[in-house]
Structure formats: C-alpha cells, structure tokens
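Subject: Handover of a structure

Hello,

I am passing this structure on to you. Please open it first, then read my notes below.

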Amino acid sequence: QVVFSRFCSPCDIKELFCTATGLSRNTSISLLDSTGAMVSIDPTMPNNSERLPYKVVPVIGGQLADKEELFQNVLTQVAEQFSRAFKINELKTEVTNRLAMLEKRVELEGMKVVEIEKCRSDIKKLREEMASRNNSSFMEDNKKLTPRRDVPSYPKYMLSPQTIDALRKPAFDVWLWESNEMLSCLEHMYHDLGLVKDFNMNPITLKRWLLCIHDNYRNNPFHNFRHCFCVTQMMYSMIYLCSLQEKFTQVDILILMTAAVCHDLDHPGYNNTYQINARTELAVRYNDISPLENHHCAVAFQIFSQPDCNIFGNMDPEAFKQIRQGTITLILATDMARHGEILESFKQKVDNFDYANEEHLKMVLIKCCDISNEVRPMEVAEPWVDCLLEEYFMQLFPQIEEVMVQPLRESRDRYEELKQIDDAMNEVQKKKRGNSSGGGQPRGTSERLTSESKAFFRELLNHVQLSYEPLVLFLLGFVKYKDHTGCKALHPFYSKIKFYFKKNRG
C-alpha cells in the first residue's frame, strides 16, 4: 500500500511505487488500472481498492539475454498453434479487409477537407493579389512570423476525475505538470467548455495549434508557457466559479480563453519600458504604443494564418472578424500602462453594473487572470516571485553595465597602464641608486603615480555616487553572477580594487 500527500511531486510518487514493489528507485515504470489503461502518476490520481488494484509495470527496453533465440523459437511455435486452433489467419484477413474499407473512407473524407482548404487558400491569395494591385504603394513584411516547426501530435493523457475537478479551482498547482500534460489540460478545457463542438473545430487542428503556441513561448524565467497555462487555467476556473457561460455567449467564452492562451506569445523577457527606452525594433514598429502586446497579437494571428493551425477555419468571415477584434482588445488590455485607466473606468461602472457592458468586464477578467498568482496558495504563488525577480535582474543588467560597469572597465585599463609605468620607473630608480653614491632624491615617480591612481578611484566613486562599502558589495554581486551575465572582464579588477579598499578604508 502506498500513501502520499497531495503536495508530493510525480517523481516522489514514482519512487514510492518502486520502493513498494521492490524495484530500484530509478526504474522507469508504468501504472495500469484494472482495465489495462495507463494512469497518469500525479497527486490527483484516483484512489484504487483491493477489488480494483493498480498494476506497476517496469519499462525495460531492448534487454534480451543469451536465450533470445530460444524464446523466439518457442514464441513462433506457440503462435503457429494458436493460429491453427483459432483460425487467426482468417480473422486477420477479415480485419484487414475492414480496415482497408475504413481507410478508404477516411482518405476520401480527408481529400474533401484538403480540397476545401486548398480552395480557401486560393481564394485568400486571389484577394491579396487584387488588393495589392489596387494599392499604389504598400509595404512587404519580410519577417512574417510562422510556426517554428510542424510538430507531431503530443501523447493524450487520461485526466482523472480528481484532476478535472481540481482544474476548475484557483488552488490548482501548476508546478506539478510537464509541458505535454499542460497541453492535454488546455485541450480538455476547450472540449469541456463546448467550444470544439459549438464552433466545429477540427480536434487535430486544435492539437497542432496548441503545440505551435507552446513553441512560440520563449524560455524566459517568468513569461513562459507555464505562465500562459497558469493564466488560462485561472480564466477557465473563473468561467466555472462565476457561471460566466450563463452571462456570456459562447463567442465571448472563446475570446476569453483564446486571449488568455495567446496573451504573452513570443515575449522577449524585456518589458515595454525597456523596449521604448532602448528603441528596439518592436518599439519602433509600434510607435511606442504597447509594443509587446501588439507583438503578441501579431504572432497569434500569424499562427492562425496557417491552415494547419487555424482553429477558426470553419467559421464565417463575420464571426472570425468579431473573434479577432475581441481577442486583440483583451490582449492589449494586459499592458500595465493601461492598468489605472481600465481600473478607474471599472470603478465608475461597478455600482450600476450591467452585463450588457461585456467588453469592459472581459478586459477586467483577463487582467485579473494575468496577475492571479497572488490569490493562489502560498506554495503555488511564491515560486513565481523568484521567477519574476530573475527576469527583472536580467533586464536590469544591460542598464547597469552601461552606467556603472563601463567606467569600471575604463578605470581598470588606466590603472593597469599606470601600474606598468610605475614598475618600469621603479626599475630605473633601482639602477640609478646602484650607480649613485647617495643623496636626496626628489619626490619619486612611484609616489606620484600612486597618488594619481588613487585620484582615479576617487573620480570613479564620484561618478557612480557610491561609498566604498556598497561598491565592494556591488562588485561582489557581479563576481557571483559573472557566469550568468557575461561580466567576466570585471573579475581580474575585483581583487585589486578590494585590496585598495582594505588598505585605504579610512
């Protein structure tokens, strides 16, 4: 019997199963229920009983010992006896014929879908060509974003009733799930809300779209695919907890879910303030007006422009236009520069609230979901703080390097130059003393150069406006993070400046 807490990770549970069954802890295992179906090993897996036990099966690949040939012969003889006893060849022929008929039907249906998609693509190209001929001048965007790769379908996980129930609650622990499991959960949300059925979505296209979404989220500390899943799961739970399907149309529900999935696509890890101040390509392209949010929208609809990823392919143009406009409005509302404006407008409407003003309510909903970590349990919310701080630090480093590190590098180079001159002059002084009978010497070059180097350090301190101790701590921080920030050039300078501070502490 294996008992575990709901806070256990899947790896811990697997080790418990291995220990209970006498296997080594690092053995790969599969968990099967009484019907032979695979069960996902996670804290929310359903309980079993003595009547309906689970079966632990070690996964061993390609291990055939010296008796491989003997086993093969025995298996061949057994297969021949079964074939004669149960007329397997006749059954195989019948099954093959039926499969061939089914494959033919699927092929014919698939050809119809391909022909329809081809016609739509041809019509779209014709419209674009006509529009380009009618316009006297237009710009071509050679950097049109497309999905990074045509990925195969991900494995379908069987979600337990406990997992499905937990998925509808804000306390859902997003840290227990891997990427493929999160993709399965997102797919379940679209099916569970009736969006796939109501909008006639192709389930395979939904899978491809979710995979493409996953591939277009960068591996940032905070703004990554897990954050996308976190926001979408909170939106899904709010739809259930607030009974929004009774207040909104299915089109509105589709807009809310899709905007949550796409709201941070291709986020570079640097916020709008950085983009605008650094005059990046995104800031120039979107005229400093919500450059990141505009970019997220553009990437989202570049993905939808691919027939294999267009979950709206079976909708009429007017419905698609409404969904596109609604999705863009919600993604643009996630810009924190508009937070005060949207919140103030909502405060004015909340006293006499009317669900007819659904556009503003949807903007408030996606904003709540985007910053929803604070309302989750502490063990779920707290790791996000570390992720956010790490991303902010990586964003801050280029600015620190420009303002503070560059003067340090220049001063280091000047110090090395002075040190070389100082050493050379000391050698000359030694030779002169050896050839001279003595006598007083004027103020030495070494003393002059030492005072000059001290003056450089004082000038450096005045430049960065720091006292001695904070500057040492600053340098210690960069030495600690030098492998992460690429600031290895600062390391040789650190020991010299630290020695200087110790010697001249007063």
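Where is the place of Met182? Met182 sits in helix 5, residues 179-192. Helices here are DSSP runs of H or I with at least four residues, numbered from the N terminus.

Two points before going on. This is a predicted model, where local features need pLDDT of at least 70 and side-chain atom pairs count only at pLDDT 80 or more, while totals for chains, interfaces and linings use all residues. Residues are numbered from 1 along each chain as its sequence is written, and side-chain values use heavy atoms, with hydrogens and water left out.

**Met182**

Met182 is buried, at 2% relative accessible area. Buried means under 20%, exposed over 50%, and partly exposed in between, with a 1.4 Å probe and protein chains only. Leaving out residues up to four places away in sequence, Met182 touches Trp177, Phe225, Arg226 and Phe229. Contact means heavy atoms within 4.5 Å. Arg226 is 44 residues from Met182 along the chain, yet their C-alpha atoms are separated by 8.0 Å.

The largest nonpolar core has 75 residues. Such a core is a set of buried Ala, Val, Leu, Ile, Met, Phe, Trp, Tyr and Cys residues joined through side-chain atoms within 4.5 Å. Tyr190 and Trp209 have the most contacts inside it. Apart from this core lies another, of 10 residues, with Phe17 and Ile29 among them.

Helix 7 covers residues 203-215. Its 13 residues reach 19 Å from first C-alpha to last, close to the expected 18 Å. That expected span is 1.5 Å times one less than the number of residues. Trp209 is one of the buried residues in helix 7. The cover over those buried residues includes helix 5, helix 8 (225-241) and helix 10 (250-262). Asn202 caps the N-terminal end: a side-chain oxygen lies 3.0 Å from the backbone nitrogen of Ile204.

**Listed binding site**

UniProt, in an unreviewed entry, lists His227, His263, Asp264 and Asp370 for "binding site". Positions follow the numbering used here, feature names are shortened, and annotations may be inferred rather than shown by experiment. The four spread over 144 residues of sequence but cluster in space, with a largest C-alpha distance of 10.0 Å.

His263 lies in the loop between helix 10 and helix 11 (272-277). His263 is buried, at 0% relative accessibility. Asp370 is in helix 16, residues 358-370. Asp370 also counts as buried, at 15%. The side chains of Asp370 and His227 are joined by a polar contact of 3.3 Å. A polar contact is a pair of N or O atoms within 3.5 Å; within protein, one must be able to donate a hydrogen and the other to accept it, and residues adjacent in sequence count only if both atoms are side-chain atoms.

**Salt bridges**

The count comes to 10 salt bridges. Each is a side-chain nitrogen of Lys or Arg within 4 Å of a carboxyl oxygen of Asp or Glu. Asp192 and Arg168 form one of them, at 3.0 Å, N to O. Asp192 lies in helix 5 and Arg168 in the loop between helix 4 (161-166) and helix 5, so the pair ties together parts 24 residues apart in sequence. Lys362 and Asp252 form another, also at 3.0 Å. This pair links helix 16 with helix 10, 110 residues apart. Lys362 is buried, at 2%, and Asp252 is buried, at 2%. Asp252, Glu359 and Lys362 are linked in a network of salt bridges.

Best wishes

Methods: Helix = DSSP H or I, 4+ residues; strand = E, 2+ residues; numbered from the N terminus.
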